[in-house]
Amino acid sequence: MIMNKTKLLSFAVLALLLLNFGILGFLFVNKDKERPRERRMPREIVIEQLHFDTDQIAAYDVTIKMHQNAIRELDQTIRTTKNELYQLLNSEVIDVVKKDQLINQLAAAQKQIETTHFNHFLDIKSLCKKEQLDDYANLTKELSKLFSPKRKPRNE
């Protein structure tokens, strides 16, 4: 009877080990399938999809710098305005007019960000040659997916 319990226990341990290794292997293999391609930078995606030549890439890099600087300034404006808005929460009586002004400033800055993004892609279009315009049209169908920030879900 002791021999049967020992065999049963050995079999159970072996089965659990195999099961654990199987699950780990499954998770490891499927991890790569969840991300078919590694996250590439938008610059590389645009260059690849539009088949830019070296002159176009150089001009595109200039537009990227201008775009990044404009967005950086607008992001700073948004951060400063949000800080000012949330400081109103420390007041005994909240100045509703000031609150509304700050929220309107935030809305205007966000509108300017979207306008800046839109104009950036118009600049990219102007870099395209006639034979690249079909590729540009295909790229525009994917813009919201390609260039949206990938955020991890937050636990609130």
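This is a predicted model: local features need pLDDT of at least 70, side-chain atom pairs count only at pLDDT 80 or more; totals for chains, interfaces and linings use all residues.
**View 1. E84 and K98 pair up between helices α3 and α4.** A salt bridge here is a side-chain nitrogen of Lys or Arg within 4 Å of a carboxyl oxygen of Asp or Glu. E84 sits in α3 and K98 in α4, so the pair ties together parts that are 14 residues apart in sequence. Helices are DSSP runs (H or I, at least four residues), numbered from the N terminus. E84 is partly exposed at 35% relative accessibility, and K98 is too, at 27%. (Buried is under 20% relative accessible area, exposed is over 50%, and partly exposed is in between, with a 1.4 Å probe and protein chains only.)

**View 2. Helix α3 packs on helix α4.** Residues 54-87 (α3) and 96-127 (α4) cross at about 175°, with axes 10 Å apart. That makes the two roughly antiparallel, the label for angles over 145 degrees. Axes are lines fitted to C-alpha atoms over the stretch in contact, and angles run from 0 to 180 degrees between N-to-C directions.

**View 3. D61 reaches R43.** Their closest N and O atoms are 2.7 Å apart. D61 is partly exposed at 27%, and R43 is partly exposed at 28%.

**View 4. K129 holds on to D53.** This salt bridge has its closest N and O atoms 2.6 Å apart. K129 is in the loop between α4 and α5 (133-146) and D53 in the loop between α2 and α3, so parts 76 residues apart in sequence get tied together. K129 is partly exposed at 37%, as is D53 at 29%.

**View 5. H51 has a positive phi.** The angle is about 55°, although H51 is not a glycine. Most residues other than glycine have a negative phi. H51 follows α2, in the loop between α2 and α3, and is exposed at 54% relative accessible area. Back in α2 (residues 42-50), I45, V46, I47, Q49 and L50 are buried.

Notes. Residues are numbered from 1 along each chain as its sequence is written. Side-chain values use heavy atoms; hydrogens and water are left out. Angles under 35 degrees count as roughly parallel, over 145 as roughly antiparallel, 65 to 115 as roughly perpendicular and the rest as oblique.
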